[in-house]
Amino acid sequence: MVWHFSREQNNIYLTFDDGPVPGVTDFVLEELGLRNMKATFFMVGDNVRKFPDLARKVVEEGHGLGNHTFSHMNGFQNSAERYLNDIACCQREIIRATGENPLIFRPPYGKITKKQFQLTAKKYKLIMWDVISGDYDQHQSPQKCLKKSIKYSQNGSIVLFHDQQKTEAVIRAVLPEYLDYIKRSGFQTCIL
């Protein structure tokens, strides 16, 4: 599992989980585009199925794609066979919508059993994170989300945000300021 990259290089790896979701993913793409930044989107297959044009737009704008299961599956609550089938369903939807065949995977909730990991790692590089914004936490203010995201971002960080309905209000409040901070700090955004 990859939790971060080299601390020697001034790179940041922005990632967004759970999309594509209309209204939220579009907003993220617009904010990234305004600053000429790139990110990687770990997509849920069912959202790709529902919104293939939005998944395609992510690729057309030069961003990276990753598999995040078809149904946002919790590995701890499912057999290895069922988990791998869900990953395969997601992969088919991504390929169908975008023509891309991503080789990176992020387990929803970060929950994956040892057996699931061993089987998944044969085909995908597993990407985790070292900075989690907490944008999904209803008990955390947008200001705290921003402050925490800035505090822990450093060279090589993999930063986790979500482009989903539940996080829309926080993303709209936090992302522009966070991206401006990244730019001011001289970080280069890279895709995985």
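User: Is Arg35 buried or exposed in this model?
Analyst: Happy to start there, and do keep in mind that this is a predicted model. Arg35 sits in the loop between α1 and β2. A residue counts as buried when its relative accessible area is under 20%. Arg35 has a relative accessible area of 11%, so Arg35 is buried.

User: Which residues is Arg35 in contact with, leaving aside neighbours within four places in sequence?
Analyst: Good follow-up! Contact here means heavy atoms within 4.5 Å. With neighbours within four places set aside, the residues in contact with Arg35 are Pro176, Leu179, Asp180 and Lys183.

User: Which residues of helix α1 are buried?
Analyst: Helix α1 covers residues 25–34. What lies over its buried residues includes β1, β2, α3 and α7. An α-helix has 3.6 residues a turn, so residues three or four places apart point the same way. The buried residues of α1 are Thr25, Phe27, Val28, Leu29, Glu31 and Leu32.

User: Which residue with a positive phi follows α1?
Analyst: Most residues other than glycine have a negative phi. After α1 comes a residue with a positive phi, near 55°, and that residue is Asn36.

User: What is the phi of Asp18?
Analyst: Asp18 is found in the loop between β1 and α1. With a relative accessible area of 8%, Asp18 is buried. Asp18 is not a glycine, yet its phi is positive, at about 90°.

User: Where is His72, the residue whose phi is near 55°?
Analyst: His72 is a residue other than glycine, and its phi is a positive value. To place His72, look between a strand and a helix: it lies in the loop between β3 (64–67) and α4.

User: Which two residues does a cis peptide bond join?
Analyst: Most peptide bonds are trans. Here is a cis one, with omega about 0°. The cis bond joins Gly19 and Pro20.

User: What is the relative accessible area of Arg106?
Analyst: Let's find Arg106 before looking at its surface: Arg106 lies in the loop between β4 (104–105) and α5 (114–120). Not counting residues up to four places away in sequence, Arg106 touches a list of residues that includes Thr15, Asp17, Phe42 and Trp129. Arg106 is buried, and its relative accessible area is 0%.

User: Which residue has its backbone oxygen 2.6 Å from a polar atom of the side chain of Arg106?
Analyst: The residues that Arg106 touches include Ile127, Met128 and Ile158. The backbone oxygen that lies 2.6 Å from a polar atom of the Arg106 side chain belongs to Met128.

User: How many Å separate the C-alpha atoms of Ile158 and Ile12?
Analyst: Ile158 is found in strand β7, and at 0% relative accessibility Ile158 counts as buried. Its contacts beyond four places in sequence include Val2, Tyr13, Thr15 and Arg106. Ile158 and Ile12 are 146 residues apart along the chain, while their C-alpha atoms are separated by 6.3 Å.

User: Which residues is Gly156 in contact with, leaving aside neighbours within four places in sequence?
Analyst: Gly156 is found in the loop between α6 (142–152) and β7 (158–162). At 0% relative accessibility, Gly156 counts as buried. Leaving aside those neighbours, the contacts of Gly156 are His4, Phe5, Ser6, Arg7, Gln9, Asn11 and Tyr13.

User: Is Arg92 buried, exposed or partly exposed?
Analyst: Arg92 lies in helix α4 (residues 80–98). Its C-alpha is 37 Å from that of Gly186, a residue 94 places away in sequence. Arg92 has a relative accessible area of 46%, so Arg92 is partly exposed.

User: What radius of gyration does the protein chain have?
Analyst: Now for the whole chain, which has seven helices and eight strands. Its C-alpha atoms fill a box of roughly 45 × 35 × 35 Å along the principal axes. With 192 residues, a compact globule would have a radius of gyration near 16 Å, and the chain agrees with this because its value is 16 Å.

User: What percentage of the residues in the protein chain is buried?
Analyst: The accessible surface of the chain comes to about 9,100 Å², and 50% of it belongs to carbon and sulfur atoms. Of the 192 residues, the buried share is 52%.

Note on methods: Residues numbered from 1 in each chain as written. Predicted model: local features only at pLDDT ≥ 70, side-chain atom pairs only at ≥ 80, totals over all residues. Heavy atoms only, no water. Helix = DSSP H or I, 4+ residues; strand = E, 2+ residues; numbered from the N terminus. Rg over C-alpha atoms; globule rule 2.2 N^0.38 Å. Buried < 20%, exposed > 50% of the residue type's maximum accessible area, 1.4 Å probe, protein only. Areas by Shrake-Rupley, 256 points an atom, 1.4 Å probe, with all protein chains shown as cover. Polar contact = N/O pair within 3.5 Å; in protein donor to acceptor, adjacent residues only side chain to side chain.
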